[in-house]
Amino acid sequence: MSMDFNLYMDQILTQGRGEMEASGYEQLQTPEQVEEAFKRPGTTLVAVNSVCGCAGGIMRPAAAHAVHYDKRPDHLVTVFAGQDKEATAQARMHFGEDHLPSSPSFALLKDGKLVAEIGRHEIEGHDPMSVVANLQSQFEEFCEEV
């Protein structure tokens, strides 16, 4: 039996992108889109998507459920690590010198400045609801009530 790897990966990518868009996240696929999005006033949650199992099983469900909260970011955006490499690199430049690239991950920006982040080590091996609780505690601290 032969398997077309590119077809398989395309299905995974389409599903991963679709899940984020269905949850209200805007896809940022170019450095220019990242720059425009990060200039917006207010709070922006950046979800760094990936093809790994913890993205599909933990991060994306957490991203979808966390935003159903009294306080939430003004803007929801996502970059896809390993796929939209230049956009992801541009986003990570805004996370600061001490930021260790990880995917999947979340970064919360306020007026374009990093105020909180959740790295892969806080996602992988955790259940989605604990990641939701972590995100919502950041929303509580940095976001306005909707």
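1. A polar contact is a pair of N or O atoms within 3.5 Å; within protein, one atom must be able to donate a hydrogen and the other to accept it, and residues adjacent in sequence count only if both atoms are side-chain atoms. Such a contact joins the side chains of Arg-17 and Gln-27, at 3.2 Å.

2. Some ground rules come next. This is a predicted model, in which local features need pLDDT of at least 70 and side-chain atom pairs count only at pLDDT 80 or more, while totals for chains, interfaces and linings use all residues. Residues are numbered from 1 along each chain as its sequence is written, and side-chain values use heavy atoms, with hydrogens and water left out. Helices (H or I, at least four residues) and strands (E, at least two) are DSSP runs, numbered from the N terminus.

3. Arg-17 lies in helix α1, residues 5–22. Is Arg-17 buried or exposed? Its relative accessibility is 17%, so Arg-17 counts as buried; buried means under 20% relative accessible area, exposed over 50%, and partly exposed in between, with a 1.4 Å probe and protein chains only. Leaving aside residues up to four places away in sequence, Arg-17 touches Gln-27, Gln-29, Asn-49, Phe-80, Gln-83 and Asp-84, where contact means heavy atoms within 4.5 Å.

4. The sheet is open and has five strands in the order β1-β3-β2-β4-β5, with mixed pairing. Its edge strands are β1 and β5, each of which pairs on one side only. Two strands pair if DSSP finds at least two bridges between them. Strands of a sheet pair through backbone hydrogen bonds, either parallel or antiparallel.

5. Strand β3 covers residues 75–80, and six of its six residues are buried. His-75, Val-77 and Val-79 point one way from β3, whereas Leu-76, Thr-78 and Phe-80 point the other way. In a regular strand the side chains alternate between the two faces of the sheet.

6. Which strands does β3 pair with in the parallel sense? One is β1 (residues 26–27), over two bridges, and Gln-27 has Thr-78 of β3 as its bridge partner. Another is β2 (residues 43–49), over six bridges, with Val-48 opposite Val-79 of β3. β2, helix α3 (residues 53–66) and β3 form a right-handed β-α-β unit: with the strands pointing away from the viewer, the path from the first strand over the helix to the second runs clockwise.

7. The antiparallel pair is β4 with β5, over five bridges. Phe-106 stands opposite Ile-118 in β5. Asp-111 is in the loop between β4 and β5; Asp-111 is not a glycine, yet has a positive phi of about 50°. The loop between α4 (85–93) and β4 holds Pro-104, and the peptide bond from Ser-103 to Pro-104 is cis, with omega near 0°. Most residues other than glycine have a negative phi, and most peptide bonds are trans.

8. In helix α5, the buried residues are Val-131, Val-132, Leu-135, Gln-136, Gln-138, Phe-139 and Phe-142. Why do they line one face of the helix? Seen down the axis of α5, the buried residues fall within an arc of 155°, so they line one face; the arc is that of the directions from the helix axis to the C-beta atoms. β2, α3, β4 (105–110) and β5 (113–118) are among what covers them. Met-129 and Glu-141, on the other side of α5, are exposed. At the start of α5, a side-chain oxygen of Asp-127 comes to within 3.1 Å of the backbone nitrogen of Met-129.
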